[in-house]
Amino acid sequence: WTLHELNLLLPASSAIRYNLVNLPFPPRNTSEYVSEVNPLGTVPFLSLPDGSGMTESCAAPLYLAGSHPTFPSLTITPSSPCFPSFLNWNFHADATLTFPLALHLRYNKFEPARNLGEVGDDYVTWYFARLRLVNKALEDGREFLCENKFSVADINVGYALMLGKSLGLGEGFKPQVQDYLQRLEGREGLIAAIEESEEADRREGIRSN
């Protein structure tokens, strides 16, 4: 998503070139490629030209946007009063919002034989409780989270909301959060990213669940 948003802002001659590799989940059980490039065996993984890589899904968009300046920028400058909030949203997205959903997925979908579905359900309750920060921030009618402009913070928080919606939790979102998510889902960059991912799934013979 971040790459598509950046390429919409960059001149065609400066477009970021990359190769998207989609893998069945969990990738560490189905592909030697993952363990070769990423000892954790996790996705997403951003492989960099110098041979290094990034394993954290919210850090990679920050790196990409910071490394490819655009106008308008997808980041917030350190001199901005919104910079602390910008950083907080990016860390909050993964550490606080997607974390309980990952556990819900594990116990209710990927490992149902362990009979820990009630634990997974508890993490759904946790997820909604942790959405209070997003609920409060959007009460003032702002279009986006920081400086009222689209940024990486919206990409990272937006993903946590889209994941929740994909698990059937969207109806529990507050009206202002539903409106915010609808704005994000209508972005050209996100639509293009989803289309590219679906095409990669078809090309690799991966069935989406």
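User: Buried means under 20% relative accessible area. By that cut-off, is Cys-58 buried or exposed?

Analyst: This is a predicted model, and in it Cys-58 has 11% relative accessibility, so the residue counts as buried.

User: How many disulfides does a search of the whole structure find?

Analyst: The search returns zero disulfides. Cys-58 takes part in none, and the nearest cysteine sulfur, that of Cys-146, is 13 Å away. Cys-82 is in no disulfide either; for this residue the nearest cysteine sulfur is again that of Cys-146, 6.0 Å away.

User: And what does Cys-82 count as?

Analyst: Cys-82 counts as partly exposed, because its relative accessibility is 25%.

User: Let me step back to the fold. How many helices and strands are in the protein chain?

Analyst: The protein chain contains nine helices and two strands. Along the sequence, the order is α-α-β-β-α-α-α-α-α-α-α.

User: What radius of gyration does the protein chain have, and what would a compact globule have?

Analyst: The protein chain has a radius of gyration of 18 Å; this agrees with the value near 17 Å that a compact globule of 209 residues would have. The C-alpha trace spans about 50 × 40 × 25 Å along its principal axes.

User: What share of the residues is buried, and what is the accessible surface?

Analyst: Of the 209 residues, 38% count as buried. The accessible surface comes to about 12200 Å², and 53% of that area belongs to carbon and sulfur atoms. As for contacts with a separation of 6 or more, 62% are between residues 24 or more positions apart.

User: What does Trp-89 touch?

Analyst: Leaving aside residues up to four places away in sequence, Trp-89 touches Leu-133, Val-134, Ala-137, Leu-145, Cys-146, Ala-153 and Val-157.

User: Back to helix 7: how many residues has it, and how far does it reach?

Analyst: Helix 7 covers residues 152-166, which is 15 residues, and reaches 21 Å from its first C-alpha to its last, close to the 21 Å expected at 1.5 Å a residue. Helix 7 is followed by Gly-168, whose phi is positive, near 85 degrees.

User: Why is helix 7 largely enclosed by the rest of the structure?

Analyst: Twelve of its 15 residues are buried, so helix 7 is largely enclosed by the rest of the structure. Among the buried residues are Asp-154, Asn-156, Val-157 and Leu-161.

User: One more residue. Where is the place of Val-177, and is Val-177 buried or exposed?

Analyst: Val-177 lies in helix 8. Its relative accessibility is 1%, so Val-177 counts as buried. Not counting residues up to four places away in sequence, Val-177 touches Val-134, Asn-135, Leu-138 and Leu-161.

User: How far apart are Val-177 and Ile-194?

Analyst: Val-177 and Ile-194 are 17 residues apart in sequence, and their C-alpha atoms are 21 Å apart in space.

Note on methods
Residues numbered from 1 in each chain as written. Predicted model: local features only at pLDDT ≥ 70, side-chain atom pairs only at ≥ 80, totals over all residues. Heavy atoms only, no water. Helix = DSSP H or I, 4+ residues; strand = E, 2+ residues; numbered from the N terminus. Expected span 1.5 Å × (residues − 1). Buried < 20%, exposed > 50% of the residue type's maximum accessible area, 1.4 Å probe, protein only. Contact = heavy atoms within 4.5 Å. Rg over C-alpha atoms; globule rule 2.2 N^0.38 Å. Areas by Shrake-Rupley, 256 points an atom, 1.4 Å probe, with all protein chains shown as cover. Disulfide = S-S within 2.5 Å.
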